[in-house]
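The stops below each begin with something to select.

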Amino acid sequence: MTNEKITYKKAVLSDVPLIHQLAVEIWHEYYPNIISRQQIDYMLDLMYSESTLKKQMEAGYDFYIVYAHHMPAGYMGTHQEQNQCWYIDKFYLKKEIRGNQIGKTFFKHVENILINKGISVLRLYVNRENYKSINFYFKCGFTIECTIDKPIGNGFYMNDFIMIKKYTT
């Protein structure tokens, strides 16, 4: 995969079905060792349905899609909270491209877009049992800001670290 052509696209509303499809595929492959299948299905319906993704885009969330050899391979969602504080809401890659530096270059691509917008802080939530992603974010310069146990309905919780990266201008 490292020799394949990698491209990025800022998503538009017509990309919502693709982002949803990627979410379903990636979540069902990646998360069963971290959370239950019932929670996976609940969270996909709650946060990754086509209608929810469309509402987020219409509210100003930006989504980016990464392509490996012209095939969709993952996506990232960002939004601005206050001042120049931004969040990465979603960052997922297909199994076959993980570990090939594609995630790092994809993150750097989106990070550069945010730097050009004058970002001062970047935050994200990551499940505390998601060790691979936590380590990835450490390598990207994030630190753990705090822990959170947030009820999301149906008896499910997000047991996350909030991670932060600060930028100087």
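**The largest pocket**

Start by selecting Tyr31, Phe91, Tyr92, Tyr125 and Tyr137, which lie nearest the centre of the largest pocket, among the 44 residues that line it. A pocket here is an open set of points on a 1 Å grid over the protein atoms alone, with protein on both sides within 12 Å along at least five of seven lines; a lining residue has an atom within 4 Å of a point. This is a predicted model, so local features need pLDDT of at least 70 and side-chain atom pairs count only at pLDDT 80 or more, while totals for chains, interfaces and linings use all residues. Residues are numbered from 1 along each chain as its sequence is written, and side-chain values use heavy atoms, with hydrogens and water left out.

The space in this pocket comes to about 1200 Å³, a volume being the space filled by probe spheres set on grid points that are joined across faces, edges and corners. Colour the lining by class: 25 residues are nonpolar, 10 polar and 9 charged. In this scheme Ala, Val, Leu, Ile, Met, Phe, Trp, Tyr, Cys and Pro are nonpolar, Asp, Glu, Lys and Arg are charged, and the others, Gly among them, are polar. Strand β4 supplies the largest share of the lining, 7 residues. Helices (H or I, at least four residues) and strands (E, at least two) are DSSP runs, numbered from the N terminus.

**The second largest pocket**

Next select Glu29, Tyr30, Asn33, Ile34, Arg98, Glu129, Asn130, Tyr131 and Lys132, the lining of the second largest pocket. The elements that give two or more residues to this lining are α1 (16-30) and α5. The volume is about 170 Å³, and the lining divides into 3 nonpolar, 2 polar and 4 charged residues.

**The nonpolar cores**

Now select Ile88, Phe91, Phe106, Phe107, Leu122, Phe142 and Met163, the residues with the most contacts inside the largest nonpolar core, which has 26 residues. Two or more residues of this core come from each of β2 (62-68), β3 (71-82), β4 (85-93), α4 (102-116), β5 (121-127), α5 (131-139) and β7 (156-166). Helix α4 gives the most, 5 residues. A nonpolar core is a set of buried Ala, Val, Leu, Ile, Met, Phe, Trp, Tyr and Cys residues joined through side-chain atoms within 4.5 Å. Buried means under 20% relative accessible area, exposed over 50%, and partly exposed in between (1.4 Å probe, protein chains only).

Centre on Met163 and show its surroundings. Setting aside residues up to four places away in sequence, Met163 touches Leu122, Arg123, Leu124, Val126, Ile134, Tyr137, Phe138, Phe142, Thr143, Ile144 and Glu145, where contact means heavy atoms within 4.5 Å. A second, separate core has 25 residues, including Leu22, Trp27, Tyr48 and Tyr75.

Move to Phe161 in strand β7. Phe161 is buried, at 17% relative accessibility. Beyond its neighbours within four places in sequence, Phe161 contacts Leu124, Tyr125, Val126, Arg128, Ile134, Ile144, Cys146 and Thr147. Draw a distance from Phe161 to Asn130: 31 residues apart along the chain, their C-alpha atoms are separated by 9.8 Å.

Ile144 lies in strand β6 and is partly exposed, at 35% relative accessibility. With neighbours within four places again left aside, Ile144 is in contact with Phe138, Phe161, Ile162 and Met163.

**Helix α2**

Select residues 37-47, helix α2, in which Gln39, Ile40, Met43 and Leu44 are buried. Where do they sit around the axis? They are on the same side of α2, because they cover an arc of only 135°, taken from the directions from the helix axis to the C-beta atoms. Gln38 and Asp45 are exposed on the other side. Among what covers the buried residues of α2 are α1, β6 (143-153) and β7.

**Two loop residues with positive phi**

Finish with the backbone. Most residues other than glycine have a negative phi. Asn83, in the loop between β3 and β4, has a positive phi of about 40° and is exposed, with a relative accessible area of 69%. Gln101, in the loop between β4 and α4, has a positive phi near 70° and is exposed at 52% relative accessibility.

Note on methods
1 Å grid on protein atoms, 1.4 Å probe; cavity = no way out; pocket = protein on both sides within 12 Å on 5 of 7 lines; lining within 4 Å.
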